[in-house]
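I opened my notebook to look through a structure. I write down what I looked up, entry by entry.

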Amino acid sequence: MISFKQGHISIAFVCMVLGFMFALQFRATLEQKASLPYQRVEELSARLLQTEKERDLLQGKIDELQNSPGSLAEVRAIQELRLRSGAAAAEGPGVVVTIDDSKTTAKAGENQNLYIIHDDDLLKVINELRAAGAEALSVNGQRLLGTSEIRCAGPTLSVNNVRSAPPYEIRAIGDPSTLEGALKMRGGVAETLKVWGIQMDIRTSDNLQVPAYKGSFQFKYAKAVRPQEVTP
Amino acid sequence: MILALIGLAVGVLLGVICPVTVPLAYSKLLSVALLASLDSVFGGFRSAMENKFDNTVFISGFFVNALLAAFLVYVGDYLSIDLYYVALLAFGLRIFQNLAIIRRYFLKKY
């Protein structure tokens, strides 16, 4: 066997250092491999935590502003305005009108367009509901505001710039029997649409939910006029 | 020989137990130092086979080579000269050369 003539101890020491370095490097490599995805996770979770904190802070600010003290009359006025503008969800008795395309197929030579729902059909229904005193309206979950459009968008309808396909569910809060009667009256909308086989289902309800407007209100051109500035 | 093996085992054990970890930035330096010391060990082995083993040369070579290699890589990092690969290549070549010589001695012996 090979024999080192001198310095057994020092060679043992050198070997010890070598083994130490081996182990250290091995562990460092292992750790490095394990830590890269781990670091990413940590970074993401930190960001999530921060975003959540931010959200809670902003939510708190909203609550604070909404509940900020004002006179009772002011608060009630704001609540009424929010309800009228559609910024607040509404509930109450009313009707749910579901309209779907006709099931009958067009006869030869007939215009197929007559058998599907158009924006003006929907407008007629909504107009009738409004005339009958509907206080809050929504079409397929979109609250109808003074600025809402009901517009043909290809095979779909666009309300509040959100498209939806048939069947259309119109929710109207108001006196249920009046609303129902307004639609079902002789020569009324329901009868006209029935001719084309368009399906219309009117259901009254005692407790109806109409969602709030989800978009934002932005007035680029219109400005409020102060009452005293109004010229007769 | 047995003493050397025992030393190695003790070193590995120490390294596993020791809570010291090398930061990511320095793991490159440690790897170069490790390679340099490995080279020294194989060189020492070879000189022992040739009956030319000198304790002082071996031990000084072991530490100085390792430290110098790490230092050079460290400096090279700042000068954007990647000496890391150069060191790897040089020491790796020498290790394989030494291994070949050691193998030949063994073949001659037995």
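**Entry 1: helix axes in chain A.** I need one definition before I start: an axis is a line fitted to C-alpha atoms, for helices over the stretch in contact, and angles run from 0 to 180 degrees between N-to-C directions. I also note that this is a predicted model.

I looked up helix α3 (residues 119-131) and helix α4 (residues 176-184) of chain A: their axes come within 9 Å and cross at roughly 135°. That makes α3(A) oblique to α4(A), because over 145 degrees would count as roughly antiparallel and 65 to 115 as roughly perpendicular. I then looked up the handedness. The crossing of α3(A) and α4(A) is right-handed.

**Entry 2: chain B as a whole.** How many helices and strands does chain B have? I find four helices and zero strands. Along the sequence I read the pattern α-α-α-α. I looked up the span too: the C-alpha trace of chain B covers about 50 × 35 × 25 Å along its principal axes. Chain B has 110 residues, and 35% of them are buried.

**Entry 3: a helix pair in chain B.** I turned to helix α2 (residues 27-49) of chain B and its partner α3(B). Their axes come within 8 Å and cross at roughly 150°. That makes α2(B) roughly antiparallel to α3(B), because the angle is over 145 degrees. I noted a right-handed crossing for α2(B) and α3(B).

**Entry 4: a nonpolar patch.** I looked for nonpolar residues on the surface of chain B. One patch is formed by B:Tyr26, B:Val64, B:Leu68, B:Phe71, B:Leu72, B:Tyr74, B:Tyr78, B:Leu79 and B:Ile81. Together they have about 950 Å² of accessible area.

Where does B:Leu79 lie in chain B? I find B:Leu79 in the loop between α3 (55-78) and α4 (83-109). Is B:Leu79 buried or exposed? B:Leu79 counts as exposed because its relative accessible area is 53%, and the cut-off for exposed is over 50%.

**Entry 5: salt bridges.** A reminder to myself: side chains of opposite charge can pair when their charged atoms come close. I find ten salt bridges over all chains.

I began with A:Arg47 and A:Glu43. Their side chains meet in a salt bridge at 3.1 Å, N to O. Both residues lie in helix α1 (residues 8-66) of chain A, four residues apart, about one turn of the helix. A:Arg47 is partly exposed at 48% relative accessibility. A:Glu43 is partly exposed as well, at 39%.

Next I looked up A:Asp56 and A:Arg55, whose side chains form a salt bridge of 3.1 Å, N to O. A:Asp56 is partly exposed, with 46% relative accessibility.

In chain B I looked up B:Lys52 and B:Glu50. Their salt bridge is 3.6 Å, N to O. B:Lys52 is exposed, with a relative accessible area of 58%.

**Entry 6: a threonine in a strand.** A:Thr204 sits in strand β8 (residues 199-210) of chain A. At 39% relative accessibility, A:Thr204 is partly exposed.

Key
Residues are numbered from 1 along each chain as its sequence is written. Chains are lettered from A and ligands numbered from 1 in the order in which they are written. This is a predicted model: local features need pLDDT of at least 70, side-chain atom pairs count only at pLDDT 80 or more; totals for chains, interfaces and linings use all residues. Side-chain values use heavy atoms; hydrogens and water are left out. Patches are made of residues with over 30% relative accessible area and no salt bridge: like charges are joined within 9 Å, nonpolar side chains (Val, Leu, Ile, Met, Phe, Trp, Tyr) within 5 Å. Accessible areas come from the Shrake-Rupley method with a 1.4 Å probe; for residues, only the protein chains shown count as cover. A salt bridge is a side-chain nitrogen of Lys or Arg within 4 Å of a carboxyl oxygen of Asp or Glu. Helices (H or I, at least four residues) and strands (E, at least two) are DSSP runs, numbered from the N terminus. Buried means under 20% relative accessible area, exposed over 50%, partly exposed in between (1.4 Å probe, protein chains only). Angles under 35 degrees count as roughly parallel, over 145 as roughly antiparallel, 65 to 115 as roughly perpendicular and the rest as oblique. A crossing is left-handed if the near helix is turned anticlockwise from the far one by less than a right angle, and right-handed if clockwise.
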